[in-house]
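Trainee: Could we go through this one together? I'd like to see where the labels come from.
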Amino acid sequence: MMQKRLGAKASRRLGNTVIYLILVVMTVVWLFPFFGILLESFRVESPMQQGYLIPKKFGFDNYIKLFNETDFPKWFLNTGFMGVATAFLQTFFILSMSYTLSRLRFRGRKLLMNFMLILGMFPGFLTMILIYKVFHDIGLTMSRAPLGLIIVYSASSAMGYYVSKGFFDTIPKSLDEAARVDGATRWQVFYKVIMPLSKPIIIYTVLMGFMAPWGEFMLSSYLIHENSDGMSVAVGMYEWLSRTNMNTHYTMFCSAGVVVAIPVTTVFLLLQRYYVEGVTGGAVKG
């Protein structure tokens, strides 16, 4: 019996060791491109893409040029503004819709949920021409594109109610009923009772809304249309990878990538615990 127990323990340790080695290898492979970009951002001997990874000469020249000789600071502020505004608006719309569908029972509720589910299956780029025409007519393209993009990012966000609704379904309805008996309105129940209990899902929704504008390219490039005053970091940095700019802006592109990664990574690391709680808390049938 003792030998079988020792054999099972040794087998389990061996299995765990193999799994850890596989995870380490996967982590190294996954982080290698980011490590390469970081090294390239400090290379100062040539702004062109080279055939070696470790720079021959290190320095902060690319970062100095990035903030002093380009419009990157303006792009960074545009994207940061879009991220904060989108996070606020999306959170309000998504949580309001999720609470409504979770707590209220009204005629057409199932039809509305199914309609939003089916509508969400269509890719957003199908409406790009119409969005551009409407926003061009009201002056929300080019230099004013950030405001137009905030509207687009937030307008249909309520259709992404699935995770938040699942989270609200886990909160006992008896809390709502007790507050209603005490004379609270629906808004007071939502704001003063449910929201303090929903910190994980609020953080998760804010995080998703904040991260979206930093990596979105297709629609933003369509609305911005190469106007530097309204550019986001994704569109502006893409211009540096064109055939005419690659040989002079490659290392600055790498340094810009490092700078862009700082706020997104910082916010994600600080809120990671709530992010996991929000996802797992909303992964229930509703």
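Mentor: Let's start with S232: leaving out residues up to four places away in sequence, S232 touches W75, T79, M82, S220 and I224. Keep in mind that this is a predicted model, where local features need pLDDT of at least 70, side-chain atom pairs count only at pLDDT 80 or more, and totals for chains, interfaces and linings use all residues. Residues are numbered from 1 along each chain as its sequence is written, and side-chain values use heavy atoms, with hydrogens and water left out.

Trainee: What makes a pair of residues a contact here?

Mentor: Heavy atoms within 4.5 Å.

Trainee: And why does S232 count as buried?

Mentor: Buried means under 20% relative accessible area, exposed over 50%, and partly exposed in between (1.4 Å probe, protein chains only). S232 is at 1%, so S232 counts as buried. S232 is found in the loop between α11 (218–224) and α12 (233–239).

Trainee: What about V267, buried or exposed, or in between?

Mentor: V267 has 24% relative accessibility, so V267 counts as partly exposed. V267 lies in helix α13 (residues 246–281); helices here are DSSP runs (H or I, at least four residues), numbered from the N terminus. Beyond its neighbours within four places in sequence, V267 is in contact with L207 and F210.

Trainee: How do you know that G36 is buried?

Mentor: G36 has a relative accessible area of 9%, so G36 is buried. G36 sits in helix α1 (residues 2–41). G36 and C254 are 218 residues apart in sequence, yet 9.0 Å apart in space, C-alpha to C-alpha.

Trainee: Why are α8 and α9 called oblique to each other?

Mentor: Helix α8 (residues 173–181) and helix α9 (residues 186–194) pack at an angle of about 125°, with axes 10 Å apart. Axes are lines fitted to C-alpha atoms, for helices over the stretch in contact, and angles run from 0 to 180 degrees between N-to-C directions. Under 35 degrees counts as roughly parallel, over 145 as roughly antiparallel, 65 to 115 as roughly perpendicular, and the rest as oblique. So α8 and α9 are oblique to each other.

Trainee: Which residues make that contact?

Mentor: L175, D176, A179 and R180 of α8, with R186, V189, V193 and I194 of α9.

Trainee: What puts the buried residues of α9 on the same side?

Mentor: Those residues are V189, F190 and I194. They cover an arc of only 95° around the axis, so they lie on the same side of α9. The arc is that of the directions from the helix axis to the C-beta atoms.

Definitions and conventions: Helix = DSSP H or I, 4+ residues; strand = E, 2+ residues; numbered from the N terminus.
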